[in-house]
Amino acid sequence: MSRYAGRCLCGAVTWQSDAEALWAGYCHCESCRRAAPADFVSWIGLPRMSVKWSGDNLNVRETSAGVERGHCAACGTGMFYRNATLPDEIHLYAATLDDPNMYTPQAHYHWAERLPWTVFNDDLPRHSASAEASD
């Protein structure tokens with residue numbers, strides 16, 4: 001059994017990984033919000049090569065320079081984010097997890113871009129940008 005597994009809404013695209021999560025957190029950046037569309041996105045970062053995909057409906061599109069996002073061509077569910085500046089990482093939507101209890105957020109990222117109506121009552125670290133580029 002895989003450590004992590006997930007799927008799209010219709011089940012045409014599935015993924016699994018036996019790797020440890022590199023990180024998990026909430027992203028508030030405008031591009032993630034617009035791509036989702038959602039107030040913020042819950043991500044889990046995994047080693048890119050550890051993720052095994054099943055199904056032939058995975059559509060990959062470059063959404064900006066060096067950034068690819070994948071979704072199910074059948075139902076439209078967003079599946080992942082890849083960035084050329086992080087060649088060994090893939091970010092998977094935590095909402096695609098088969099077992100949502102596997103997700104434990106560790107921080108807020110791009111906090112400076114959050115929407116004004118979102119309220120969080122947690123004590124997670126709040127990074128103004130990504131963890132690498134932030135305070």
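D122 forms a salt bridge with R126, with 2.9 Å between the closest N and O atoms; the term stands for a side-chain nitrogen of Lys or Arg within 4 Å of a carboxyl oxygen of Asp or Glu. This is a predicted model, in which local features need pLDDT of at least 70 and side-chain atom pairs count only at pLDDT 80 or more, while totals for chains, interfaces and linings use all residues. Residues are numbered from 1 along each chain as its sequence is written, and side-chain values use heavy atoms, with hydrogens and water left out.

**Salt bridges**

- A search of the whole structure turns up four salt bridges.
- D122 has a relative accessibility of 28%, so it counts as partly exposed; on this scale, buried means under 20% relative accessible area, exposed means over 50%, and partly exposed lies in between (1.4 Å probe, protein chains only).
- E30 is partly exposed at 37% relative accessibility, whereas R34 is exposed at 63%.
- Another salt bridge joins E20 to R3, whose closest N and O atoms are 3.2 Å apart.
- This pair links distant parts of the chain, 17 residues apart: E20 sits in the loop between β2 (14-17) and β3 (23-27), and R3 in the segment before β1 (4-7).
- E20 is exposed at 54% relative accessibility, and R3 is partly exposed at 38%.

**The sheet**

- Seven strands make up an open sheet with mixed pairing, in the order β6-β7-β8-β9-β4-β3-β10; two strands pair if DSSP finds at least two bridges between them.
- β6 and β10 (107-109) are the edge strands, and because each has a single partner strand, one side of each is left without a neighbour in the sheet.
- On average, neighbouring strands of this sheet are turned by 30° against each other, direction ignored; the axes are lines fitted to C-alpha atoms, for helices over the stretch in contact, and angles run from 0 to 180 degrees between N-to-C directions.
- Six bridges connect strand β6 (residues 58-64) with strand β7 (residues 67-72) in the antiparallel sense, and R61 has R69 in β7 as its bridge partner.
- Two residues lie between β6 and β7 in their hairpin, and G66 in the turn has a positive phi of about 80°.
- Strand β8 (residues 78-83) pairs with β9 in the antiparallel sense over two bridges, and F80 stands opposite L92 in β9.

**Nonpolar cores**

- The largest nonpolar core holds 18 residues, of which W15, L46 and L92 touch the most other members; such a core is a set of buried Ala, Val, Leu, Ile, Met, Phe, Trp, Tyr and Cys residues joined through side-chain atoms within 4.5 Å.
- At least two residues of this core come from each of β3, β4 (41-47), β8 and β9.
- A second, separate core has eleven residues, including W23, C27, V67 and Y81.
- In soluble globular proteins, nonpolar side chains tend to be buried together.
- Beyond its neighbours within four places in sequence, L46 is in contact (heavy atoms within 4.5 Å) with residues including Y4, W15, V51, I90 and L92.

**Two buried residues**

- H91 belongs to strand β9 (residues 89-93) and is buried, with a relative accessible area of 9%.
- The side chain of H91 makes a polar contact with the side chain of E89 at 2.7 Å; this term covers a pair of N or O atoms within 3.5 Å, where within protein one must be able to donate a hydrogen and the other to accept it, and residues adjacent in sequence count only if both atoms are side-chain atoms.
- Not counting residues up to four places away in sequence, H91 touches W23, W43, I44, G45, M79, F80, Y81 and L86.
- C29 lies in the loop between β3 and α1 and is buried, with a relative accessible area of 9%.
- Residues up to four places away in sequence aside, C29 touches H110 and E113.
- C29 and S128 are 99 residues apart in sequence, and their C-alpha atoms are 9.7 Å apart in space.

Notes. Helices (H or I, at least four residues) and strands (E, at least two) are DSSP runs, numbered from the N terminus.
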